[in-house]
Amino acid sequence: MLKDHKKYSGDYFIGLANSLTEDVAKFSDKINSDRKIPDTLLKDMTGLGFFKLLMPSKLTGFEIDFVKYLEIINIVSRVDASVAWCLNQNNVLATLSAFMPEELALEIWKNPDTVLSNGPPMGASAEVSENGYILNGRWDFSSGFPHSTWLVALTPVIEPSRDSHEEEEMRNMFLRKGDVEIIDTWDVNGLRGTGSFSFRVENLFVNQDKTFVEGNPPIQPGPIYLIPKTLMFSSGFATVALGVARASLDYAILLANKKTPSRQDILRNQQSVQREIGKMEAIFRSAKSYLDNSVSVLWDSALSTNHIPETYKVDLRLASTDAIRRSIEVVDRSYSLIGSNAIFNSNPIQRKFEDIHSISQQVQGRMEHYDSVGRFFLGMDHKGLF
């Protein structure tokens with residue numbers, strides 16, 4: 001167990017991540033079939049601090065450099081997209097610790113194995129009650145649910161006295177898994193290992209001290225907490241997508257150097273294959289460079305000025321969405337180049353193909369982000385997620 005949290009840097013965890021990939025690769029098939037991170041691997045990851053990378057150091061977190069954090073996500077994503085997805089989901093959720101009352105944060109994370117899971121509310125509501133709230137509703141796509149210890153239920157609060165023109169109050173409600181009904185909806189092919197189940201509650205009382213208002217400024221200082229959570233999610237998931245794309249392209253290059261289709265020359269000697277590899281490298285490298293640059297500019301601004309201009313947020317949204325879309329293109333072209341071998345589950349690229357298309361359907365990769373960014377550049381009201 002790590003003790004003096006302040007001395008562990010991003011470079012330290014990058015080294016750990018590189019060491020961890022062997023175990024992740026060893027468990028990859030089991031992660032996919034069981035739809036969860038195995039207990040032994042999870043214990044290693046929590047013990048090494050991998051789910052507290054972005055938490056405030058004052059609250060037993062490591063508060064590492066955000067650029068280094070994304071490098072860790074990239075390392076893991078090239079081996080297993082589901083593990084990298086859970087790492088990003090759970091680490092970004094853990095930044096809620098900087099926004100909640102310190103007493104609540106210390107209670108939630110007094111267990112070193114604490115991992116959070118959440119999901120978007122579906123018909124959820126919280127009615128004000130004495131010393132708390134009566135909670136009803138359902139939350140879907142709760143990535144990492146099987147290995148989580150606490151659930152975060154973001155919920156609109158019903159207040160009869162609220163003026164119809166007032167904005168609805170949204171509260172984060174912290175729940176134990178034993179207090180919810182688990183709904184196993186995760187019958188999917190891609191990102192199976194994320195175990196993104198649903199959960200619901202009916203007339204559950206939640207004490208006031210287990211909740212806090214969403215959208216207030218951070219209580220704990222630090223440049224990380226200036227970055228909107230939606231942009232942490234988007235850049236992290238874009239990094240996962242790029243890792244899947246890189247692994248797919250690397251496999252296509254490996255196979256092109258070995259495979260000889262019937263009555264043809266080895267793939268590497270075919271001009272069409274050479275051109276396709278060149279095009280895919282250009283697509284991948286340009287998308288990754290744009291994302292890396294957008295992250296660096298935004299992070300440098302947060303570090304040096306304690307402020308992030310809106311244009312930097314817009315740029316990171318565009319770079320994140322585009323990285324996901326370009327990654328899909330690279331994986332699809334790699335899949336096509338490999339030929340009929342690609343369709344078998346025994347072929348590594350089949351899983352990459354399934355994972356990237358699951359990523360494509362997640363909110364961070366949706367095409368309408370191009371629309372909102374376009375409206376921003378046109379000087380219009382954009383209402384974008386940045």
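User: What makes up the secondary structure of the protein chain, and how many helices and strands are there?

Analyst: The protein chain has ten helices and eight strands, where helices (H or I, at least four residues) and strands (E, at least two) are DSSP runs numbered from the N terminus. This is a predicted model, in which local features need pLDDT of at least 70 and side-chain atom pairs count only at pLDDT 80 or more, while totals for chains, interfaces and linings use all residues. Residues are numbered from 1 along each chain as its sequence is written, and side-chain values use heavy atoms, with hydrogens and water left out.

User: How do you know that the span of helix α9 agrees with its number of residues?

Analyst: The expected span of a helix is 1.5 Å times one less than its number of residues. The 13 residues of α9 (residues 348-360) should therefore span 18 Å, and the end C-alpha atoms are 19 Å apart, which agrees.

User: Which residues of α9 are buried, and what covers them?

Analyst: The buried residues of α9 are I349, Q350, R351, K352, E354, D355, I356, I359 and S360. Their cover includes α1 (10-34), α4 (81-94), α6 (229-256) and α8 (310-338).

User: Why is L175 called buried, and which residues is it in contact with?

Analyst: L175, in strand β5 (residues 170-176), has a relative accessible area of 2%, so it counts as buried. Leaving aside neighbours within four places in sequence, L175 is in contact with L135, W150, L151, A153, V180, F199, V201, L204 and V206.

User: What makes T60 partly exposed, and why is L191 called buried?

Analyst: T60 is found in the loop between α2 (39-47) and α3 (66-77), and because its relative accessibility is 30%, T60 counts as partly exposed. L191 is found in the loop between β6 (181-183) and β7 (197-207), and its 4% relative accessibility is why L191 counts as buried. Phi of T60 is near 70 degrees, a positive value in a residue other than glycine; phi of L191 is near 55 degrees, also a positive value in a residue other than glycine.

User: How do you know that I227 is buried, and which residues does I227 touch?

Analyst: The relative accessible area of I227 is 3%, so I227 is buried, and its place is in the loop between β8 (211-213) and α6. Not counting residues up to four places away in sequence, I227 touches F66, M232, L298, W299 and I308.

Methods: Buried means under 20% relative accessible area, exposed over 50%, partly exposed in between (1.4 Å probe, protein chains only). Contact means heavy atoms within 4.5 Å.
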